[in-house]
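Dear colleague,

Please find the structure below, handed over for your files. My notes on a sheet and on the cavities follow it.

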Amino acid sequence: MQNAARLLAPAPTPLLTADQIARFEGRVPRYTSYPTAPHFTPTVTGATYGGWLEALPDGQAVSLYLHIPFCQELCWYCGCHTQIVSHDGPIRAYAELLLREIDLVAARLGRAAPVHEIHFGGGSPSMLPLEVLEAVMDRLHARFNLTNIAEIAMEIDPRGVRQEQIQGFAALGLTRASIGVQDFDAEVQALINRRQSFAETADVVEGLRAAGIGSINLDLIYGLPAQTRATIQQTVDLSLALAPDRIALFGYAHVPWMKKHQALIPEDRLPSPAERYTLYQDASDQIAAAGYERIGLDHFARPSDSMARMLRQGSLRRNFQGYTTDGAETLIGFGTSSIGALPQGYLQNNLTVPDYRAALMENRLPIARGIALSADDKLRRAVIERLMCDLTVDLAAVAAEFGSDESFFAERLALADLTHDGLVAVNGSIVTVREAARPLVRSVAAAFDAYLSVGAGRYSQAV
């Protein structure tokens, strides 16, 4: 049986050469939005946001993202907006602000909009005391229509999560848990200041399933200090033993100019670009060989999972949480630094708790910046999303959908080197990223980014 399983397993993907990695792996956005966050400006304000909310059609479903910016300790690889707390006083005070923001947003909507999905992110939202989480959910029930909600998801740090918490999560309707793993190797964990045993992770996964929370995601990271082919294989083996529905394999983004604490990671222990690619490829092939379908750049899902089904249907989406099955056109963000997406554009809340608090205490929507979408933005966003999700796009079909005669001639020309190397195929208006170039899909998408040369920020490596 074991030999038969090996024969049926998907073949390893074709490999990029060291020269191709050096030429094509440049620093480009992750494209969880388009335009990307560095191009948001303060010209979009809370007043702008209020008008956008009021203009949403009656009955249109929305999804909700709630950012909980607290952790018990600082993981040195982290790129999130978070702060370290040693007691729950700041968390309880922050929750009162969340309730205030929920009320303000609901008042501008003027109705109990139906909700498609709710996602708690962070930080470590599993740090919320149960009675605080219950108060937040009660307020959402009071201000929105949660009757036909498809999913309630939460990012969970398994360190210190107790069984009574898990029972509370289940009682409040949690349906999916994303478990942060990153890496199980002790040396790697020491170098990123995140010590987490396999046993405590497995206990939490088992407890979630026993409580009826059956949809489990695991988050892994490649490109961390001291990772080797052997250690990442062991991490993947242990992760597969937990039988998750989805696995995310993120590349570590070393951006110490943005996140000062990342300077605590010794750069001489980080893998080279070629080594990063090998770690990515080994882990990807290992996960695929276990029966998971490859999803875009860095996700994997069981064939029966909704994410894999939507990929096959061509309806997979991408937003600030990465690849998603969320079909709602409006994502309302609550909490510091959270980003919302409405048909008119994107908005980001104040980045710090003091600024967030100040706005709310003045009954202002706490918006720091954003961007209104032009017709060209919407067209290019659609092209980039399909490339990021499907690894192929029919440019003429997308342009026709938006009533545009854009031919993307210059963009197709910009792909000439990738095409010459056999990594991208351009057949008329159809652009396809070949399997070997899957880790370069961000670089392909970047060819359609009209903002990259305009006040762009510094980005993470593509591979």
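Which residue in β19 does V424 stand opposite? The model is a predicted one, and in it the residue facing V424 is V433 of β19.

That pair belongs to the following piece of the structure. Strands β18 and β19 (residues 430-433) are paired in the antiparallel sense, over 4 bridges. They are part of an open sheet of 3 strands, ordered β17-β19-β18, with antiparallel pairing. The edges of this sheet are β17 (392-394) and β18 (424-427), each of which pairs on one side only. From one strand to the next, the twist averages 10 degrees. Helix α13 (residues 375-390) packs on the sheet and touches β17 and β19. The direction of α13 makes about 145 degrees with that of β17.

Now the cavities. The count is 5 cavities of 30 Å³ or more. I looked at the second largest cavity, which holds about 50 Å³ of space. Its lining consists of F120, L133, M137, I152, M154, F169, L172 and L174. Two elements, α5 (130-143) and β5 (151-156), each contribute at least two residues to this lining. L133 and M137 lie in the range of α5, and I152 and M154 in that of β5. By class, the lining residues of the second largest cavity are 8 nonpolar, with no polar and no charged ones.

Regards

Key
Residues are numbered from 1 along each chain as its sequence is written. This is a predicted model: local features need pLDDT of at least 70, side-chain atom pairs count only at pLDDT 80 or more; totals for chains, interfaces and linings use all residues. Side-chain values use heavy atoms; hydrogens and water are left out. On a 1 Å grid over the protein atoms alone, a cavity is a set of points where a 1.4 Å probe fits but cannot get out, and a pocket is an open set with protein on both sides within 12 Å along at least five of seven lines; lining residues have an atom within 4 Å of a point. Grid points are joined across faces, edges and corners, and a volume is the space filled by probe spheres set on the points. Ala, Val, Leu, Ile, Met, Phe, Trp, Tyr, Cys and Pro count as nonpolar, Asp, Glu, Lys and Arg as charged, and the others, Gly among them, as polar. Two strands pair if DSSP finds at least two bridges between them. Axes are lines fitted to C-alpha atoms, for helices over the stretch in contact, and angles run from 0 to 180 degrees between N-to-C directions. Contact means heavy atoms within 4.5 Å.
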